[in-house]
Amino acid sequence: MLKTLSEKDIQRYAHQIILKNIGIDGQKKLLISKVFILGMGGLGSPVSMYLASAGIGTLGIADFDNVEISNLQRQVLFDQKSINKSKVEIAKKKLLLMNPKLKINIYKKKITKINIDKIIKNYDVIVDGSDNFQTKYLINDSCVKNKKTLISAALRGFEAQITTIKGWIKSENNPCYRCMFPQLTKNILGETYQDCGIVGGIAGIAGSLQSVEVIKDILGIGKNLVGELIIIDLLFNRFKKIKFKKNKKCIICN
Ligand SMILES: [Zn+2]
């Protein structure tokens, strides 16, 4: 735990410190916390920007892609000059401009069954910013195995879904991602954006919600989205929450 905050830190984070749920002690906790974000796209952009601004001490960011012109419509960390450059390298530069004291670890490689556990072990909270089911299952399975909180989101068109997962906890109220979405199906969110299209602002909303879930989890405040899926449909301005239970037949979390 940090002993004190510097005068600069107190100024920078004044609007968080003033909140009674955060305060000086909460800010100290954020400054020593470590968050891993898998995917620096439509979700990874806002999540990383808000977490960097909030003073999350260490951010791990993973993406093996370069920026393409079609990313700029929603991936707000990048600009015209980023095209054809590594997403994680550009992201690191921009996030450090926002908050120079952060530590940012970049992973410019494909995250696979072979390397994921070793990476995830170094972090407190894991954010799923991926755009496909295979990766969502991969990250879920590793988080259950390594007892890490996973903040998951998916996007399609004008819609977003967000949930928080602590699947290693053996209670019916702690489903994992596979309990909620047992099979690969085209009928639920999680298709790649190339397949289905996406409005930029919906990625911003989902990523912002993920960033707040991360902060709440680190500080242990409020009520999280464990066992609940928020579904947002901005085309018709519909907001709803669905409850999920652990699937007793789940191959991962029982
Ligand atoms: Zn499960």
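The legends below describe close-up views of a predicted model. Local features need pLDDT of at least 70 and side-chain atom pairs count only at pLDDT 80 or more, while totals for chains, interfaces and linings use all residues. Residues are numbered from 1 along each chain as its sequence is written, and side-chain values use heavy atoms, with hydrogens and water left out.

View 1. Helices (H or I, at least four residues) and strands (E, at least two) are DSSP runs, numbered from the N terminus. Cys176 and Cys253 are both buried, that is, under 20% relative accessible area with a 1.4 Å probe and protein chains only. Cys179 is buried at a relative accessible area of 8%, and Cys250 is buried at 8%. The structure holds zero disulfides (pairs of cysteine sulfur atoms within 2.5 Å).

**View 2. Helix α10 covers residues 200-219.** At 1.5 Å a residue, its 20 residues should span 28 Å, and the end C-alpha atoms are 29 Å apart, which agrees. The expected span is 1.5 Å times one less than the number of residues. Just after α10, Gly220 has a positive phi of about 65 degrees.

**View 3. β5 gives three residues to the lining of the largest cavity, the most of any element.** The volume of this cavity is about 50 Å³. A cavity is a set of points on a 1 Å grid over the protein atoms alone where a 1.4 Å probe fits but cannot get out; lining residues have an atom within 4 Å of a point. Of the 10 lining residues, Ser152, Ala153, Ala154, Tyr177 and Phe181 are the closest to the centre. β5 (149-156) and β6 are the elements that give two or more residues to the lining.

**View 4. Ser82 lies in the loop between β2 (58-62) and α5 (87-98).** Ser82 counts as buried, at 2% relative accessibility.

Note on methods. Buried means under 20% relative accessible area, exposed over 50%, partly exposed in between (1.4 Å probe, protein chains only). On a 1 Å grid over the protein atoms alone, a cavity is a set of points where a 1.4 Å probe fits but cannot get out, and a pocket is an open set with protein on both sides within 12 Å along at least five of seven lines; lining residues have an atom within 4 Å of a point. Grid points are joined across faces, edges and corners, and a volume is the space filled by probe spheres set on the points.
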